[in-house]
Protein chains: 2
Amino acid sequence: MNYFSSDFTLGILGGGQLGKMLLTETRQLDITSKVLDPSAKAPCRIACNTFIQGDLMDFDTVVNFGQDVDVLTIEIENVNVNALESLEKQGKIVYPSSKTLRTIQNKGRQKLFYRDHNIPTANFTRFAYTSEINDAILNNTVNLPFIWKSTQFGYDGTGVKVVRSEDDLSSLPNVECIVEDLIDFKNEIAVIVSRSSNGEVKTYPLVEMEFHPEANQVEYVICPARLDPSIAKKANDIALKVSNAFEHVGLLAVELFLTKDNTILVNEVAPRPHNSGHYSIEASYTSQFQQHIRAILGLPLGKTESKVAGVMVNLVGAEGHTGNVIYKNLDTILEMDGVSPHIYGKKQTRPFRKMGHVTIINKNVNEARKIAEDVKKKIEVISDKTN
Amino acid sequence: MNYFSSDFTLGILGGGQLGKMLLTETRQLDITSKVLDPSAKAPCRIACNTFIQGDLMDFDTVVNFGQDVDVLTIEIENVNVNALESLEKQGKIVYPSSKTLRTIQNKGRQKLFYRDHNIPTANFTRFAYTSEINDAILNNTVNLPFIWKSTQFGYDGTGVKVVRSEDDLSSLPNVECIVEDLIDFKNEIAVIVSRSSNGEVKTYPLVEMEFHPEANQVEYVICPARLDPSIAKKANDIALKVSNAFEHVGLLAVELFLTKDNTILVNEVAPRPHNSGHYSIEASYTSQFQQHIRAILGLPLGKTESKVAGVMVNLVGAEGHTGNVIYKNLDTILEMDGVSPHIYGKKQTRPFRKMGHVTIINKNVNEARKIAEDVKKKIEVISDKTN
């Protein structure tokens, strides 16, 4: 197929920030793109060739959207998987596949998949309803404290809760869920695997993630991870095993826990470009977004090595601010060494909403991390009125 | 002014490839953009917030376009300068200024400017008509061979001719022109100066340009130049002198000759992002496009150093091919180490038309130059039918 002709169209389900950064690459390669998103003000509204407003969870909407695209991908997992399956049956190329997505969309099924494939992951139990957990505690089949996760997708840290008492439990929604051992990890780390439809596989270097203690959101992503190379090797091998088990095509971001005794456990995966790979736009030979496109089109994969070290800071809405967004001190951070802001273009902020990110690149990873902290201290994502 | 709010609009005159690459940056920073271009199929048509089709040389069109923009810039010099002057009088911010652009637009005036400011440049004589040159040859005030240049803008090597005989002269258009000494240079080199409206100045490293022998077009741009640091220092000083003389705001690409006795002469300048800076997208801490935007908005300038070496190859239409473009072996070059193609999105090719470029990045500049040659050998910009 000639991807570089206007006869070819790449469809993207979801028009948020990940889609927007994918479109930078389709524009660079002059690949025709078409985007579906429920919001008329989606960040992808411009820069794609065709924008369709519609519900990603609606079967007919997704099937209709797919009719005139040649390859279909996603930038968000919350899409109608039955529609994807129907499009596959019709002969459309869909990456990630409906099968992969169906497994990943349900956290219980995702965990079972790891167990079935001998992929190391924290012990867990599935429950049809949260209310069933109380009995399990009484019978000592579940012990406090633990991690509770809704099996259906949450976003930005919702749907996950540390449960330390039965009181904590009573405040949770009564839904299908899993209870997972609370892992006493020393680091959260990630490996992005790129796997082309022609079978070629390349992994990005191990990154280290530092989390915001309250919001349960990634605050810094650091590449390369400041860890022993033997850890990087082990993490890389596990990530490859996960990618192969899924027979995944495209990018697969594999989030991992490194425990205090240097055991590595798979936390969860995302079958698309991921926050933990944003640093690659500035720091890597090939950005994760171009790599995803290369992979799903069966083009040769690009070099995943880094040119320089990169640290990414998420820009999230400040607490106490809801309304029209203002980026305070954006000009000030532009003065700092190797600072590259990305503003997603969402017009409304709210506490902890992902509004953008900033990448700091430097020859020295510790220096980059230091500047990242200065960036974090300076910039504020606020609204024109406080609440 | 708050550039990062939808109340602010950046206007760009010209919607070609340079505008397209500027829009990647306005998108990243979520700056609202508006583009004017005569072609409805301009590469900028998508990715800007508002696209207006219209004649860049028409006074009323440009003045009307400027009414609701806050800062106006160009991606091509062939625009109506009187309209820019009128917008400046109205209080609009225009960079480059109409004054700078008026001087640069006419090659005779540009050369006089260098002479007036003691900026080293090849000796020259101005003529109102090409036909007057014959008398000057007879009177020995002009000696063959020489360079003939139309004072009005050419593009992609047109409007410039090496004249070795009176026969060569007779084939030239009878227009206002200059006759310039033929410089026996060993290298063509360039320095890009960024100068902010707040006075801050930063220069990019010296680059070396290799030209296509027939088309008089740049074939490779190499950063860093493989020349003695003392040359880089001297070129940098001259480029700064030129930028200061113009009191230029934005990017100024200063093209220079390095003669066999290591004298540096200014050839010509471009007051905008330039082909000689395309490598910066992948190789520099700050791409020239983001730097241009930072400069004209009075934001702090970014770091101009390189992360790695970069070599850029222009993709021009192959001889004998006119029509719907096909990029032959684009997938093959994606296999090569550190290769990043940029396809501008022009649907029609013709011999030597600039259709895209490829940047090759590598830790080693000689290795990058070698891969660039492989890229050049492999890729072909052809049409669906030969002619």
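Author: Two strands pair if DSSP finds at least two bridges between them. Strands (E, at least two residues) and helices (H or I, at least four) are DSSP runs, numbered from the N terminus. The model is predicted: local features need pLDDT of at least 70, side-chain atom pairs count only at pLDDT 80 or more, and totals for chains, interfaces and linings use all residues. Residues are numbered from 1 along each chain as its sequence is written, chains are lettered from A and ligands numbered from 1 in the order in which they are written, and side-chain values use heavy atoms, without hydrogens and water.

Reader: Which residue stands opposite Lys328(B)?
Author: Glu380(B), in E21(B), stands opposite Lys328(B). Strand E17 of chain B, residues 323–328, pairs with E21(B) in the antiparallel sense over four bridges.

Reader: What is the strand order of that open sheet in chain B?
Author: The order is E19-E17-E21, three strands with antiparallel pairing. E19 (348–349) and E21 (380–383) of chain B stand at the edges with a single partner strand each, so one side of each has no neighbour in the sheet.

Reader: Turning to the interface, how many residues does the contact take from each chain?
Author: Chain B gives 40 residues and chain A gives 40 residues, where contact means heavy atoms within 4.5 Å. About 3700 Å² is buried between chain B and chain A, and carbon and sulfur atoms give 54% of that area. Buried area here is the accessible area (1.4 Å probe) that two parts lose on being put together, summed over both.

Reader: And how many salt bridges are there across the interface of chain B and chain A?
Author: The rule finds four, a salt bridge being a side-chain nitrogen of Lys or Arg within 4 Å of a carboxyl oxygen of Asp or Glu. Asp30(B) and Lys347(A) meet in a salt bridge through their side chains, at 2.8 Å, N to O.

Reader: Which element supplies the largest share of the side of chain B that touches chain A?
Author: E18(B) does, with five residues.

Reader: How many salt bridges are found over all chains?
Author: The search of the whole structure finds 40. In chain A, the side chains of Arg272(A) and Glu77(A) meet in a salt bridge at 3.0 Å, N to O. Arg272(A) lies in the loop between strand E15 (264–270) and helix H9 (280–283) of chain A, and Glu77(A) in the loop between strand E4 (71–74) and helix H3 (81–89) of chain A, so the pair ties together parts 195 residues apart in sequence.
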